[in-house]
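Please walk through this model with me.

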Amino acid sequence: MSNQAFKNQDLRQFGHGTPYFMFDSKAVVANLAAYKRALPKGTEICFAMKANSEEAVLKVLDDHGSSFEVASEHELAMLKKLRVDPGRIVYGTSVKPEASIAAFRKYGVTRYAFDSAQELAKIARQAPGAAVYLRVLVNDKAHSVFTMSEKFGTELKHAVELLVQARELGLLPYGISFNVGSQARNAEAWANGIRGIAAILKKLADKGIILEALNLGGGFPFSYLPGDGFPGIAAIGEAVGKAVHDLPYPIRFMAEPGRGLVADAYVLVVGVFADARRENGRWLYVDAGAYNALLETMAYQGSMRYRIELLRDSTAALEPCIVTGPTGDSLDVIDKSAMLPADVKVGDRLVVRDVGAYSFVLTTAFNGFPVPPTYKR
């Protein structure tokens, strides 16, 4: 749950016109430290840049020793601008353009994900001798909000042959990775992934291949609302720590958190510009919505909800409100049942909390509305 980095009384002092994001770098630092404490000692934290690629976020993570999971040359360019050590970059998407592999190799990146023989061949051509880790499929449908097991990953039964093939191509069989799905509700999901891979490690060892790393992937959840049932990183880390004992030999761990590192580092402040009472409820229209700030609220309405609060003090009773964005699209709805004071009026400001992940990185210019600016605390 949010560390409540931004108190409402603090936000009132800023004179910015709405809408705008506010960023607190201390929250990112605290979250990174929490992940390092919770996961096995020495786990390499590789921030999944897809969650938030703002330069200020990347810089604070780089300054505090984070590695980065990168999915494109465009993301790599952001890290090159900051002169991030290529040794702390992994090309983490398991299917990629061959020309992009060459670009990563040119910068000095040595670690690449793959999930097929075809991908291995591309890496061998463009990054000879590189360290490769295989993405395998695990069950992510039972306990995750968003599943990740269709577009990427190979079945466990192919793992040994593919990593042997990597060795035959002159590549270094470096590790195995998996992804339990985004917003996983089961603290045991990552531990179960480890246990499923244990037999593969034994079979590889029998063929003379000892892997260096086991990549826990991402999916680490963030609790946006009280009682939403998502485990914290401490509970996940405890389960992972127990599963380590099922492995046939000591191995270094990696993890690729995104949402969990940055969600509570940002808030969005919006202004109410219209108020309408309709048969299906009270509608509050605000100056940033799904398209230009909070796409996940539209794409997954009913599962992705943020806490929304009135910025000023109020003693009025709470009532359900439908908070909607400024565009002409009826799908542009942020929350269908936000509990807000009954005296909310046009001209008021609302605070949408914990919006640091998958927000402005997914925005569009639909209806011409710009992405809200970001200010730093």
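This is a predicted model: local features need pLDDT of at least 70, side-chain atom pairs count only at pLDDT 80 or more; totals for chains, interfaces and linings use all residues.

Arg 252 and Glu 44 form a salt bridge, with their closest N and O atoms 3.2 Å apart. (A salt bridge is a side-chain nitrogen of Lys or Arg within 4 Å of a carboxyl oxygen of Asp or Glu.) The pair joins distant parts of the chain: Arg 252 lies in strand S11, Glu 44 in strand S2, 208 residues apart. Glu 44 is buried, at 12% relative accessible area. Arg 252 is partly exposed, at 27%.

Numbering runs from 1 along each chain as its sequence is written, and side-chain values use heavy atoms, without hydrogens and water.

S2 (residues 44–48) and S11 (residues 252–255) pair in parallel over two bridges. (Pairing requires at least two DSSP bridges between two strands; helices, H or I, of at least four residues and strands, E, of at least two are DSSP runs, numbered from the N terminus.) Glu 44 has Met 254 as its bridge partner in S11. Eight parallel strands close into a barrel, in the order S2-S3-S4-S5-S6-S8-S10-S11.

Elsewhere, Glu 296 and Arg 259 meet in a salt bridge at 3.0 Å, N to O. Both Glu 296 and Arg 259 are buried. The whole structure holds 24 salt bridges.

Definitions and conventions. Buried means under 20% relative accessible area, exposed over 50%, partly exposed in between (1.4 Å probe, protein chains only).
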